[in-house]
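Welcome! Here is a friendly briefing for a first look at a new structure. Please take a moment with the view below, then read on.

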Amino acid sequence: MTSAADGRPHGPSTSRGGAKPVSEVTFGDHLCLTFDNDPERYAILGAYIRDGLALHHKIVYLADEDDADAVLRRLGDGIADAWVPGAERLDLAAAVAEGRLAIRPIVDAFMATGRFDPDETVALLATEIEVALVQGYAGVRISGETSFSLRGWPGTDRFADFEQRCQAAFRTPGTKAMALCQYDSRWFNRGQLEELELCHGGRVRVDDLYDDGVLRITPLFTPPGLALDGAVDESTVQAVGDALERMAARASHFCLDLSGLEFCDMEGLRTLVGAGRSGGVHRQVILRGVPDYLDLMLRISGWDSMPDIYREGVR
């Protein structure tokens, strides 16, 4: 999705599971980045940082780690491993040296007085935004790690209050800032996540690999794979083949979620079941959520018995 110079995307908006694609995040957004694995986390962060630097936005990264150099290495390695399109050209170290990317340890930024105070912290972020705009940046992108709020530090029991205040601040008309708050679901329980997500304007997700209005292809991370929504026909089968080839280059085994596939012709099905032998390498392909019509096509063609194809839920 291409973004306009003011940081607002143009073109049709798409969603999966009610979340906003990261390339469509815009000024005024205060969103949850909820994840349970690092590849998904860094795929989203990589696109967020990539787009921000391209649009001359100041990037402020609030890290739950004291060593800024270690955070920079972690970000760089994570984004590289996530294969974010265009991110391979990012020089994060240069962005830090030039001031375009600022890594702020949370213990210094939020706990400088020895206590977490929602009002003071929101005011601190407002000052950071104001300074960046005075410096000539077109906008500000903030992302913060949040696991520090679970450590029982003084004042962190009011963390939900802080998020509510942030939501109100970012929704102020004319704001030139946005934020992604990172929540690792391996640390936060479901009740905590539900409460904290309500303090935001919604959730953010990874960008689609492909969406032409007929077919949408979205990366999966646990397990690695692709979700297909719409129709696979002569107009979209090439896009499916390209996405499968890209996936095969990254994963020894992967999952195809077909629950949203409303139509698939025989050529498309041949492409899907052939994914297990791409490049001469045999790999296991899990078919998840296979629609009834597609299950029938698999059985009639005999492709349901291919040794490298496993239909989830079928014994």
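Trp153 is partly exposed, with a relative accessibility of 26% (buried means under 20% relative accessible area, exposed over 50% and partly exposed in between, using a 1.4 Å probe and protein chains only). Phe148, by contrast, is buried at 1%. Please keep in mind that this is a predicted model, in which local features need pLDDT of at least 70, side-chain atom pairs count only at pLDDT 80 or more, and totals for chains, interfaces and linings use all residues. Residues are numbered from 1 along each chain as its sequence is written, and side-chain values use heavy atoms, with hydrogens and water left out.

**Aromatic rings**

- The whole structure holds 10 aromatic pairs; rings of Phe, Tyr and Trp (its six-membered ring) pair if their centres lie within 6.5 Å, and planes under 30 degrees apart count as stacked, over 60 as edge-to-face and the rest as tilted.
- Phe148 and Trp153 make a tilted pair, because their ring planes stand at 40°, with the centres 6.2 Å apart.
- Tyr183 and Phe188 are edge-to-face, since their planes meet at 75°, and their ring centres are 5.1 Å apart.
- Tyr183 is buried at 0% relative accessibility, and Phe188 is buried at 4%.
- One aromatic cluster is formed by Phe110, Phe116, Phe148, Trp153, Phe159 and Phe162.

**Two packed helices**

- Helix H1 (residues 38-54) packs against helix H2 (residues 68-81) at about 105°, with the axes 8 Å apart; axes are lines fitted to C-alpha atoms, for helices over the stretch in contact, and angles run from 0 to 180 degrees between N-to-C directions.
- Helices (H or I, at least four residues) and strands (E, at least two) are DSSP runs, numbered from the N terminus.
- H1 is roughly perpendicular to H2 (angles under 35 degrees count as roughly parallel, over 145 as roughly antiparallel, 65 to 115 as roughly perpendicular and the rest as oblique).
- On the H1 side, Arg41, Tyr42, Leu45, Gly46 and Ile49 meet Arg74, Leu75, Gly78 and Ile79 in H2, where contact means heavy atoms within 4.5 Å.

**The sheet**

- Five strands form an open sheet with parallel pairing, in the order S2-S6-S5-S3-S4; two strands pair if DSSP finds at least two bridges between them.
- Strands S2 (30-35) and S4 (101-105) stand at the edges with a single partner strand each, so one side of each has no neighbour in the sheet.
- Strand S3 (residues 57-63) pairs with strand S5 (residues 139-145) in the parallel sense over 6 bridges, and Val60 stands opposite Ile142 in S5.
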